[in-house]
Amino acid sequence: MRTIVLLAVLGMFSSAFCAGIFSATQDKNFGVFSELQRIETSDFGKKLLDTIALQLKNKAPLAEISKLLNDLHSDLVRQQDAADAQHSIDERDCTNGINEYNARIDFATNEINEAIVEISTLKKLIDAANGQRESLESQLKNLAEREQQYREARRADEQAFIARVQQGRAVIAALDEIVPLLERIKPTGNVQQALVELAKIGTSNPLGALLQVAMTLDPGALQRAIQQLNKLKESLIAGIEDDTKQEEEAKRAYEKFLQEFDETRQNLENALAQVRGEIEALNARLATQENRLRTNQRELQLSQEGKAQLIQQCDEKRARYQSESAARKSQREVIEKVQN
């Protein structure tokens, strides 16, 4: 602060008086005068010589002028020492700051690279899991269609079985009615009479018509017919029994098939629920990694921008320090020349 005040004072005076003083001694001290002329070429030197000239004009003691020069020189030295200390602090802060930014950049870069790898891996896992999900859903759909087809086929088979049994039992019931009647008739062998009777009966009484036809047969033929009808009845009874057994086996197979269907469906549904849970977890992990990527991309950008700004600030401080140091050095050299 003292130097600033002194320099402000120096600027208030003209160099004319100093030039007059030095003209008086030019012949005796030509070398000194030449040196002072060189000093006067700088703004600081000119102001300094003007101040000395003013002090001489006011008849200030040389000791006071010498002390003024010493104080100016000392003040410049102290300023330089303070600037050197601050420069050391600034350089340390710059180095630490840049190192911190480098660490943040390295960390963010590593996080970005890891996130990219994780995202790629997770997307592949999600694609594979979605493929499993679609396959399981397709299997469940096909299973439901097969079950529906099997149920419809079973209903059709059951209805056909019922129809066959009813038809067979109806024939057996008819045979139970016909055979005893046939066994009781006595064939006449009179075809003409049978035709007359048939004409009377018409289509309203098929059983009566059958008996009239049977009466035209000879006893042997009638007996053979009765035997064939009994065999037919036995065959129908056996057929119904076999058909009933097959129907019962078909029902048991159907129930077993439905049970297997239920087990298969349950297994597929459990697997599908598990895959869907895995997909949900993978999507959550993917969202986390995508957020990690965005966060660190932003952090990398901010760190790089902050580092560039810090480097610019450090360069500006360094340039200012070098410029001010060079100026103070030049000023000290001027004072030293005047003192010498």
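A residue is called buried when its relative accessible area is under 20%, exposed when that area is over 50%, and partly exposed in between. In the structure described here, which is a predicted model, Phe-261 has a relative accessible area of 2% and is therefore buried. Across the protein as a whole, 28% of the 340 residues count as buried.

The secondary structure consists of eight helices and zero strands, so that the pattern read along the sequence is α-α-α-α-α-α-α-α. Among these elements are helix 5, which covers residues 62–184, and helix 8, which covers residues 219–339. Two packed helices are described by the angle between their axes and by the distance between those axes. For helix 5 and helix 8, the angle is about 170 degrees and the axes lie 2 Å apart. Since angles over 145 degrees count as roughly antiparallel, helix 5 and helix 8 are therefore roughly antiparallel to each other. When the residues in the contact of helix 5 with helix 8 are sorted by class, 59 are nonpolar, 25 are polar and 37 are charged.

A search of the whole structure for aromatic pairs finds three of them. One of these is formed by Tyr-150 and Tyr-254, whose rings are stacked, with 5.5 Å from centre to centre and 20 degrees between the planes. This pair links distant parts of the chain, given that Tyr-150 belongs to helix 5 and Tyr-254 to helix 8, and that the two are 104 residues apart. The two tyrosines fall into separate accessibility classes: Tyr-150, at 28% relative accessibility, counts as partly exposed, whereas Tyr-254, with a relative accessible area of 12%, is buried.

Another aromatic pair is formed by Phe-257 and Phe-261, for which the arrangement is edge-to-face, with 4.1 Å from centre to centre and 70 degrees between the planes. Because Phe-257 and Phe-261 are four residues apart in helix 8, they are separated by about one helical turn. Phe-261 is the residue with which this description began, buried at a relative accessible area of 2%. Taken together, Tyr-150, Tyr-254, Phe-257 and Phe-261 form one aromatic cluster.

How values were computed. Residues numbered from 1 in each chain as written. Predicted model: local features only at pLDDT ≥ 70, side-chain atom pairs only at ≥ 80, totals over all residues. Heavy atoms only, no water. Axes fitted to C-alpha atoms, helices over the stretch in contact; angles between N-to-C directions. Parallel < 35°, antiparallel > 145°, perpendicular 65-115°, else oblique. Nonpolar A, V, L, I, M, F, W, Y, C, P; charged D, E, K, R; others polar. Buried < 20%, exposed > 50% of the residue type's maximum accessible area, 1.4 Å probe, protein only. Phe/Tyr/Trp six-rings, centres within 6.5 Å; stacked < 30°, edge-to-face > 60°.
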